Every structure is written in structure tokens, then in C-alpha cells.
Amino acid sequence: MWQNLPLFPQQASTMAPRVDALFFFLIALSLFFGLLIAFLIVYFAVKYRRRPGYERGVSIDASIALEIFWTAVPFGITMVLFFWGASIFLDQTQPPVGAIDIAVVGRQWMWKLQHPEGQREIDELHVPVGRPVKLTMTSEDVIHSFFVPEFRMKMDVVPGRYTTAWFEATKEGEYPIRCSQYCGAQHSGMLGRVIAMTPADYQQWLGGGATGVSAAQAGQNLFQRLGCATCHKSEGGSQGPSLAGLFGKTVKLQDGKSAVADEGYIRESILDPQAKIVAGFQPVMPTFKGLVSEEGILQLIAYIKSLSQQERTAAK
Amino acid sequence: MNGAPQVHYLNVDYGIRSWLFTTDHKRIAWLYLLSVTLFFFFGGFFATLIRLELMTPQGDLVQAETYNKFFTMHGVTMVFFFLIPSIPAVLGNFLVPMMVGARDLAFPRLNLASWYIFILGGLFTLASAAAGGVDTGWTFYTPYSSIYSNSHVALTVVGVFVTGFSSILTGLNFVVTIHKMRAPGLTWFRLPLFIWAIYATSIIFILGTPVIAITLLLVGLERVFNLGFFDPARGGDPVLFQHLFWFYSHPAVYIMVLPAMGVESELVTAFARRRVFGYSFVAFSSLAIAVIGFLVWGHHMFVAGQSVHAGLIFSLLSFLVAIPSAIKVFNWTATLHRGSISYDAPMLYALGFIGLFTIGGLTGLFLASIGVDVHVHDTYFVIAHFHYIMVGGSVMAYLGGIHFWWPKMTGRTYPEPVARVAALIVFLGFNLTFFPQFVLGYLGMPRRYHAYPPEFQALNVMSSAGASILAVGYVLPLIYLIWSLRYGRVAGRNPWGARGLEWQTPSPPPTHNFDVTPRVVAEAYAYDKEPEETYEFGSPSRA
């Protein structure tokens, strides 16, 4: 029990050293102010202890200069901390272009993951070292939180919406995934692991046991099976807008507003089609609530994304 | 003059009815003292069970479902039925009228009603515990609480809902009393800082509590009538709950700590026997905390899916709310300078408070630093941080305050040597319990974990060992304070040589507090003057 008592988790992602640097700065700052206050308290308590002939303190009026000084100093320090913390956060929330897109669905009490190539995993995520990995996450029931301490990465996984997070592993190894949002009886048992491998091993892993059907292809199959193609024709039509090249574009809506066609927009359009009507179309699409699972929606999104990539490739 | 008076508020009437139907703020303070003490040990019992379970990595003492009820009952009891009412309703009730030179609060019957409402809410919560408990955590996050939990959520939220009205009415009573019933000459800037702190707290009570009431009502309605406010499948939004919940529950942190800061200002001045350093800075920092405290709730949601933009703004505001607290710490420390410092038990608690509150405040900066918060959010780092504020801050100040005013409340002094030992035991036990949790959190142990990886055991064992020491530190005062009711030395009106108005009347005070209405002619904490130069008891009481 007392052997290898670690004080800090390993650094295994590009973000870990950056978070730790601010953390260590905060520790140094806390030590300085904590020890300063502790020293002053002990020093004053001893030096000005009550003794015969010294029964009353000397009341000194406050010095405005001193008050301004010890208001301004904490203000300056907290502003440094704010900008430092914010600069890390902006990068934590901004997945780099070209990240591997992993779909994550949480439920009581497991993680279901799918790679773009189609591989599905439960409570395990194989990733290559040195490449950013973006997680698009949702939950089938309560709120969970995807936490990998060694990556200094955490994001809540919320039913009814997508949240995203990303990491880039820097070291091969296995790192625990712990659910950090209380989610019911087996909360502490909702465990998984990230297995970071060399790119070559990762390619091999992708090849072995492959389904042969990528996430986008699975989405395409679903697209056909649900009859989406009847209205959403690739050449466009009067029934529904074409989805080719849609992903990531700004869409003009009936009510004059506009929306960016991201994961959340597509999910909403499938489950609640009346929420945002594209300009020039009638509100005729039925809801697919109950007809398609969270994983299915993520596959449909992968398919719609792939349509944009095809278009981009064609344009070149 | 210095002996106990013949007739005072405690012996003016006997019998259970004279207590249950009293409108005397001092007796109502006792009703609260007894009830929050019971709730404290009830909540402490669950804390003990939590620490016992966490001695070993395997969840082997109780089932996960049971453990989840333990930490929920611990949190609900300690937050809503101990920390929130403790200092305001016990010490505030006893002291506010005496400190402003009034014979009671503005609305004595409303004050008694507040206690009954508090007890009614407590009974609902105890009933939910008796019926099998609740397992949502004290934060009642949806959709777990509104749809998925199979425990007594509705009963518990009704209890918390009802208790909220007690807070609102108490806050109202304090605000009116402080505005309208100050003794002649007692201007705002002559008020004791405890009154400023209670005033700021009361504003939060009045403005914040209705929000938690509505929020929990919505959870109850969603559960019972299936309304779907927070259910995404029916167009609801689970994150909306978090906004509403923390809109109250973050200011509630200041409900718990502002009164403690008020007590701290009284203790530090009384035991350093000098005027507080930077009176107006300490006073206004209380109001600043109350106001800015309403604008920082989003820091509980940095990884909950709110926008990046919102995260950055809440991070900035959270840093700003730290500054008034820092100002207070510096001023208390400066108050020690050239004081005449004695080491009586209340002062040991007060000095411990500064140290522990400083650690709690500094670790708050870690959490406001949004890039670091992503890693430590919902881990034991957060648990350690808020226990440093709530227990290291509020409970230390509460105990310090109870010891300080015990002679006034009872007319007896507690045994000083054993009280000093108890204060040291609390300080050591507290640090051993909670400091290891900072390390556990950074290592990545999430909160509300029934079982945990074996490499976390050593730190958890330290924490549990500390908790057993802490428990001794809490039981000791219970014993010797009760003992002192009968065997304590007669205190006299002002055993500490303090300058507060409450010390200028006999101990225990008469029912009407002062025989003649005092006139205040000098500022608070005038330790360079004699009490007679601060207060004049010339004119006969109109009461």
C-alpha cells in the first residue's frame, strides 16, 4: 500500500505538460502566500503576545496605500492566471484540423466508441501516438464525463447534445478512462482505457478484425434503409435540400436566420426536423426519433461529412 | 454587578412550552443550536461511513447503492441543515439584536416561524433517510435525479424546498432589524463587522434562495408528473438545471462563509485587543463578495458543455471574487500587528481559520484557472478545496464563535485547557483528512467513487485516519460544553474584556437585553478607549 506513492499523474499527451506548468506555478504561488501568511501570524502571535503591562493592543488606522497595494497585487496575479489558464483552455477546446474522428456514446455504465474506419470498441480506445484524436460524444441516458487523467482531458457527455474533446497522445501505453460525473450505482465501475500505440501498430490494429465497413459507409447504408435519399437527392430537389458539401457550411434558414451545419445541427435536423427549416423548403420531414440510435446518428453524420470530403476531392 | 443576574432570559420561564412558543431571539438561537448540532452529528455519521468505506480500494463495506446514499445524505444534511443555518441562525439570532442594541429582532414571531419551517424541512429530509435515502448527490443533477434515480428524491427536494423559506424569512428579519433598529448613535460605520457580514448574507438569502426553491420544485414536478423540463428526449435540457442550481448554490457558498468571516473579525479584534485593520475594506469586501458571488456560477460548468465564451467569462469573474477574500485575510493578519494577543480557544480557532481559509482560497485559484480546472474538475481536488472553505473556514469559525459567546449565552465559562487541546485536535485532524485529497484529485480520483484503484489507497487511509482524529475534536466540545452548563465558572458580563455591545449587558442577558437603551458614541473595537467611552447607558429604556 505504501510503495510507489505517486504525487502527480504521468504526462502522456501534448496538453499534459502545459496544464502541469500552470499547476506548478499555482503551487509555487500558493506556497509563497501561504507561508507568508503563516509566518506573519506566528511571528505576530509570539511578538505581540499578551503579557503583564501589555494588556491592550495599539490600534493603528488603516493605511490606504497598503490597502491599495494588497488589492492591486492579487488583482495583477489573478489576471496573469486568467490569461494563462484561458490560453490553455482555448487550445483544449479547439481540435486541430485532421484529427481522427471518434464517435463516443456513453451509457450506464459503459463507453461505446467507433472509429472512422468502422471499428467499434467498448470501454477501450486504440489510438496512434502523435496524431490528434477528436471525440464527438453523447449519452443515451444520464450525464457522464470522459476523463483521462494522464492526458489532463475531461469533458461531460450529455444526453441530447454533442460535446467534443480532443487529445494527442505522446507516449505509448495504457491510460485509464474514468467517468467523473456521478451517473448512478456503478459510477466508479464505469472504467475504460485508452491504448496509445505507434502509428504502425495502430494501422495493424485497424487492419485486424476490421468490419470492412467504415463509419461513413455504415451511415450510407442507414441513409438508404431509412429512406432519407428519397427526398435528400444528391442532385438536389424540391422535397429536401441536397446534403452534398453541406457539412461545415452556413445554411440560410426560412426565418431569415442562419446556422452552421455541424454535428449538433444535423442531429437536431434528424430528431426534430421542424426546429430549423432551410430557406426554400417546406416543413415536411418527419422526425426520426426512436427510429435511429445515437450511434446510428453519429454514423449518418460521418456519412454526411464524407460527402463534403468527396466534393472537396472532386474540386481538386 | 459582575455576578449572574437574578432573572435572565434562561430562567425567566420554565417548561417546554416556554421554549417552543418563545419569541425571544436568544431562546430561538438555542432552538437552532440544538437542531443544527443534531444535524451536524447526523451528517458526521455519514461522513464516518464514507471514510470507513474508502479505507480499502474495493467497495467492500457496503453496496455501491448504499454508499451513494451515504455521500448524498452527508452533503444534503451538512449543506442545507448545518452549514447554511449554523452561524446565521444560531449566532446571528443571538447576536444581531444585542450588537445593534435592540431588544429583539424586528419580527419575533416570524423568527419563531422560521425555526418551525426549518424543522419541518428537516423532518422531510429525515423521513427520506428513514424511507431508504436518496442517491443523487446533494447537487441533484438531472436527468439522473429527475428520471433515472430509484430513490426518495421527491421527499428530499421537498425538505430542502421547505427549509429555504426559513432562510428567506431569517434574512428578511435581519435586514429589517439592521436597517431600522440600531441604537442611537450606531451608524453604519460603527457597526461590528459581524453585522456587515450577516447583512451581506441576508441579501443572498433573500435573492438566491427562491431560485433553488423553484429549481428543486421543477425536479420534483418532473419526477412526480413526468413533465420533462430537463429531459432532452422531450425537448428539455439537463444543463439548464445546472445553471439554475448553481445560480443559488454558488452564492450559497458565500452564505456559508461570509458569516464565518464576520465571526473571524470579532474574534481577531477581541483577542488582539485592538481595532480591526482596514474596517471599511473588510466591511465592503463582504458586500463585494455577495454581489460578485452571484456572477460566478458557471465555473461549476467549465466541462459541462457550456460555450467556450461563457467558460472564459466565468473564469475571469471567479478570479475577481477571490480578491475581496484576499483583502480580508491581509487585514486580519495586519490586525494582529501590535495587538495584545492571547491564545484562548476562540483565538486558536480564529488563527486556524485564517490558515485553512487561505489554503482553501488559494486552491480556489487553481479551479478558476480554467485550463487546470478541466483536469481537476469533479475530482477529490474539488472535495478538498471546498472542505477547506466549508469546514476549515466555516466550521472553525462557528466553533470559535460558540466558545467566544458561550459565557454570554450561558453565563458560564467552558474549561479553557481542554478547549485549547480540542481546537488543536480539530486543526491537525482536519489537515490530515483533507490535504491528501488534493493529491488524490490531481492524480485523477473522481469524486463520488465507491471503489477506487489500489494506487490511491495510501492517501485514502491517511484521510480516514485524519477523519477519526477530527471526530474526537468535534465530540470533545460537545462533552465539555454540556458539562460547563452546570459546572462551569460563573462568567460575568465581559470575561474577555471585549468591546462589543453584547458584552456590556449581564451574562446571561435579561430577556429585553439592555435595561436602558444604549447610545453609541464611538466606532466599533475601540480598545484604546474604556467601554464607557464607547457606550452611554444614560436614558431609561423606553421598553
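In this predicted model, A:Leu125 stands opposite A:Val194 in strand 10 of chain A, where strands (E, at least two residues) and helices (H or I, at least four residues) are DSSP runs numbered from the N terminus. In the same strand 10, A:Ile195 is the bridge partner of A:His126. Strand 4 of chain A is joined to strand 10 (residues 191–197) by five bridges, and these two strands run parallel; strands are said to pair if DSSP finds at least two bridges between them.

Strand 9 (residues 173–179) of chain A is joined to strand 10 by six bridges, here with the two strands running antiparallel. Strand 10 is mostly covered, five of its seven residues being buried, that is, under 20% relative accessible area, with exposed meaning over 50% and partly exposed in between (1.4 Å probe, protein chains only).

These pairings belong to an open sheet of five strands in chain A, whose order is 4-10-9-6-7 and whose pairing is mixed. Because strand 4 (124–128) and strand 7 (153–157) of chain A stand at the edges with a single partner strand each, one side of each is left without a neighbour in the sheet. On average, neighbouring strands of this sheet are turned by 20 degrees against each other, direction ignored.

Helix 3 (residues 199–207) of chain A lies across strand 4 and strand 10, and runs at about 130 degrees to strand 4. Such angles run from 0 to 180 degrees between N-to-C directions, the axes being lines fitted to C-alpha atoms, for helices over the stretch in contact, and contact means heavy atoms within 4.5 Å.

Chain A as a whole holds six helices and 12 strands. Its radius of gyration is 27 Å, well over the 20 Å that the globule rule gives for 316 residues, so chain A is more spread out than a compact globule; the radius is taken over C-alpha atoms, and the rule is 2.2 Å times the number of residues to the power 0.38. The C-alpha trace of chain A spans about 100 × 55 × 45 Å along its principal axes, and buried residues make up 48% of the 316 residues.

Residues are numbered from 1 along each chain as its sequence is written, and chains are lettered from A and ligands numbered from 1 in the order in which they are written. Local features need pLDDT of at least 70 and side-chain atom pairs count only at pLDDT 80 or more, while totals for chains, interfaces and linings use all residues, and side-chain values use heavy atoms, with hydrogens and water left out.
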